[in-house]
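This briefing goes through one predicted model by topic, from confidence to individual positions. Please look over the sequence and structure before reading on.

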Amino acid sequence: MELNEIRNELSVRGKNGIGFLSSAVVIWSLITFIFLQSFDIQQKNIYMLFSTGLMFPLSVLFSSFIKADWKLKNNPLGNLGLFLNIAQLIYFPILFWGIIHHPNDAILFFAIITGAHFFPYGWFYHTLAYYVMAPVISVFMLFLGLYLDGEKLWLIPLSMTIGLCFLVFWNRLDYRKKMI
């Protein structure tokens, strides 16, 4: 089987990771809600971290709901998706540093890390959506964070949620095109 055929199979069977992206929409919506509360910034950051624990169970639930194969067994590249996802965790020391030394910027660090980690999924799922949206989200979050300067931080997770919704929509279009 040719490499691009394998990648297209991943795209179709895994539905471009839409189950995981849908889970991220829920989590970033929850983070938006957290950042709209009157807690102090340290509490918001802790709740933000705890909310990420919902990622895997929600991803499995959404993948089941849309009938996407999130395990991708019997595909030579199936395990690569897991490694790409775990790679994001390697950047968490930056997030922890931000929580400790620059608590108002931690949400910005998390949004940039999340956006940037999508880039290799462009290759994995053989779709342009991830290639484009990873730098768009990361750069937009940077400029938004610079503009906000520690104020109205809830706009960062809200913007992330909107970006993720757009990524879900684009990946759904790509998936449908591959089904034809």
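Is Lys67 buried or exposed? Lys67 counts as exposed, at 70% relative accessibility, where buried means under 20% relative accessible area, exposed over 50% and partly exposed in between (1.4 Å probe, protein chains only). This is a predicted model, in which local features need pLDDT of at least 70 and side-chain atom pairs count only at pLDDT 80 or more, while totals for chains, interfaces and linings use all residues. Residues are numbered from 1 along each chain as its sequence is written, and side-chain values use heavy atoms, with hydrogens and water left out.

**Confidence**
- The protein chain has an average pLDDT (the predictor's confidence in each residue, from 0 to 100) of 94, and 99% of the residues score at least 70.
- Within the protein chain, helix H2 (residues 18-35) has the highest confidence, at 98, whereas H5 has the lowest, at a mean of 83; helices are DSSP runs of H or I with at least four residues, numbered from the N terminus.

**Loop positions with positive phi**
- Lys67, in the loop between H4 and H5, is not a glycine and yet has a positive phi of about 60°.
- Lys152, which lies in the loop between helix H9 (128-148) and helix H10 (155-179), is likewise a residue other than glycine with a positive phi, near 45°.
- Lys152 is exposed, its relative accessible area being 57%.

**Asn75, a buried loop residue**
- Asn75 is placed in the loop between helix H4 (55-65) and helix H5 (78-89), and it is buried, with a relative accessible area of 8%.
- Apart from neighbours within four places in sequence, Asn75 is in contact (heavy atoms within 4.5 Å) with Ile6, Glu9, Leu10 and Arg13.
- A polar atom of the Asn75 side chain lies 3.4 Å from the backbone oxygen of Ile6.

- Helix H7 (residues 106-116) is largely enclosed by the rest of the structure, because nine of its 11 residues are buried; among them are Ile107, Leu108, Phe109, Phe110 and Ile113.
- Phe50, found in helix H3 (residues 41-51), counts as exposed at 62% relative accessibility.

Conventions: Helix = DSSP H or I, 4+ residues; strand = E, 2+ residues; numbered from the N terminus. Polar contact = N/O pair within 3.5 Å; in protein donor to acceptor, adjacent residues only side chain to side chain.
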